[in-house]
Amino acid sequence: MTAFADLRVYNTLTGRVEKFVPLYGKRVFMFVCGPTVYDYSHIGHGRVFTFFDTVARYLRWAGYSLFYLVNITDVDDKIINRAKEEGMHPLKLARKYESFYYEDMESLNVTSVNLYARASDYLPEIWDQIRVLLEKGHAYETETGVYFDITTFPDYGKLSKQKIEELRVHRIEPDPTKRNPGDFALWRKRPKDEFGWESPWGYGRPGWHIEDTAITIKHFGKQYDIHGGAIELAFPHHEAEIAQAESYTGVKPFVKYWIHIGLLTIKGEKMSKSLGNIIRIRDVVQEYGPEPVRLLLISSFYRSPMDFRWELLDQARSSYQRIKTAYDNLYDLEVNSEVGNAEVELLNKVKDLRDRFFRSLADNFNTPEALANLYELIRLTNAYVSEVGEISEQGKGILLSTFNEMLSVLGIRVERAVDSVMLKSLVQLLLEVRSQLRQRRMYELSDEIRGRLRDLGIELQDTPQGTKWRIIR
Ligand SMILES: [Zn+2]
């Protein structure tokens, strides 16, 4: 399989596009920083996770055996503050938003993750790493916590391309007991009335960065292939992970390929609570349906910044409609027994487009180019359907499977709901009930049925010939 051998990815660590060569043959280990579960997920999260879901789908399509791991940060100040506001135990609040996160991911067809790992389940691994880092002299204890001394790790800064001298004085997590302003916490000592655990260094909570290395070293070992996340996490979060892991294991590099996603802005501004411009996944999915949202999120190159505007969602909705219509037309295309010249010509072009589609993905996951090939396939199919109007059984099979293959790697679902005999009968039944209600002048109830069906994506139209219906998404 050539596409498999040809995969090239941009690696933040080396600053280059490189040939993808996994550490353990065809087995690939990928970890992506998951959500801090204190609120609903927004479309910035949507961008990151639909992209890596597409990467996972592509890797599996290309024949790799992938273990895809995502962490759930369920211990964090934001969770604790929010829990106080809502009068709830922090872990209970975290579970609540964790389940909303899964709902959002499912709606976007993000289904490729093998394991979601909660930080709070890895305390023994976290303590083991802190103990070793202290023993090796990379960490020190003060009255406020245990900190990593960045001057003991000369590579600190290599991922985000910064000099350690500058980072040594760069202020993070301000605390007067630290040796360098750039040192980060491994363990934070907290008062006993706060949520936390008893540890060898007193009561408190782990620092943020240590959960990722505790989880990944536990499941993947000392080294693994791909670490992904939003570009904002490269420093200090990912830099800190490298320092912890490589100091703990003594093995370099901890991660072979670092893949970062560009920032998502809203009309040119960063999404933030204070600006009040946070757009939740579930709200856009509710309004536009999940597929247009996913289509939009993968329509720009992953490393580029993406500026969200509502018009783009309108466009994505009509693009999705085009995909669906072409698929439906192909599905309904008349089958004949002979293979005509036009069909041979079409299938040759389709084979070429399929190759180009997968080559685009192998070329550093160029999803916009892959989509352009898909749209070209649609244009050709539509032209064929309207000009020729019939196809051989085998030709139809090839076209449909090519469509299915491309769409499933991109994670775009096309359900042919109208096909279902059951659905048709159910809608017919509701139409009859509604017509009876109208005859009895129970308009309120009849309108409610119409409204509820609309919410489900079925539009009714009352005409002199009776009520007609169609699927609108
Ligand atoms: Zn992380």
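1. A nonpolar core is understood here as a set of buried Ala, Val, Leu, Ile, Met, Phe, Trp, Tyr and Cys residues joined through C-beta atoms within 7 Å, where a residue is buried if 20 or more other C-beta atoms lie within 10 Å of its own, exposed if 12 or fewer, and partly exposed in between, with C-beta atoms placed from the backbone. In the largest such core, which has 106 residues, Met30, Leu59, Ile130, Phe148 and Leu186 touch the most other members. Helix 2 supplies the largest share of this core, nine residues. Because domain 1 (2–261) and domain 2 (320–415) both give residues to the core, it lies between them.

2. On the basis of the note: this is a predicted model, in which local features need pLDDT of at least 70 and side-chain atom pairs count only at pLDDT 80 or more, while totals for chains, interfaces and linings use all residues. Residues are numbered from 1 along each chain as its sequence is written.

3. On the chain as a whole: the protein chain has 16 helices and 19 strands, these being DSSP runs numbered from the N terminus, with helices as H or I of at least four residues and strands as E of at least two. Its C-alpha trace spans about 80 × 60 × 35 Å along the principal axes, and 37% of the 473 residues count as buried. Of the contacts with a separation of 6 or more, 74% are between residues 24 or more positions apart, two residues being in contact if their C-beta atoms, placed from the backbone, lie within 7 Å.

4. On Met30, one of the core residues named above: leaving aside residues up to four places away in sequence, Met30 touches Ala56, Leu66, Tyr68, Asp225, Ile226 and Gly228.

5. On the domains: the chain is divided into domain 1 (2–261), domain 2 (320–415) and domain 3 (418–471), with bounds that come from an automatic or database domain assignment. The centres of domain 1 and domain 2, taken over C-alpha atoms, are separated by 40 Å, and the contact takes 15 residues from domain 1 and 13 residues from domain 2. On the side of domain 1 that touches domain 2, the elements that give two or more residues are strand 1 (8–11) and helix 2, and helix 2 gives the most, with seven residues. By class, that side of domain 1 has eight nonpolar, three polar and four charged residues, where Ala, Val, Leu, Ile, Met, Phe, Trp, Tyr, Cys and Pro count as nonpolar, Asp, Glu, Lys and Arg as charged, and the others, Gly among them, as polar.

6. On helix 13 (residues 367–387): this helix has 21 residues and reaches 30 Å from its first C-alpha to its last, close to the 30 Å expected at 1.5 Å a residue, the expected span being 1.5 Å times one less than the number of residues. In helix 13, Thr367, Ala370, Leu371, Asn373, Leu374, Leu377, Ile378, Thr381 and Tyr384 are buried. They cover an arc of only 155° around the axis, which puts them on the same side of helix 13; the arc is that of the directions from the helix axis to the C-beta atoms. Arg379, Ala383, Ser386 and Glu387, on the other side of helix 13, are exposed. The buried residues pack against helix 2 (43–61), helix 11 (310–331), helix 12 (341–362) and helix 14 (393–410).

7. On helix 4 (90–107): the buried residues here are Pro90, Leu93, Ala94, Tyr97, Tyr101, Asp104 and Met105. Seen down the axis of helix 4, they fall within an arc of 110°, so they line one face of the helix. Lys92, Ser99 and Glu106 are exposed on the other side, whereas the buried residues of helix 4 pack against helix 2, helix 3 (77–86) and helix 9 (281–288).

8. On backbone geometry that deserves a second look: most residues other than glycine have a negative phi, and most peptide bonds are trans. Asn109, which follows helix 4, has a positive phi near 65° and is partly exposed, with 19 other C-beta atoms within 10 Å. Lys161, in the loop between strand 7 (145–148) and helix 6 (164–169), has a phi near 55° and counts as exposed, with 11 C-beta neighbours inside 10 Å. A cis peptide bond with omega of about 0° joins Phe235 and Pro236, and Pro236 lies in helix 8 (residues 234–249). The peptide bond from Lys252 to Pro253 is also cis, with omega near -15°, and Pro253 lies in the loop between helix 8 and strand 12 (255–261).
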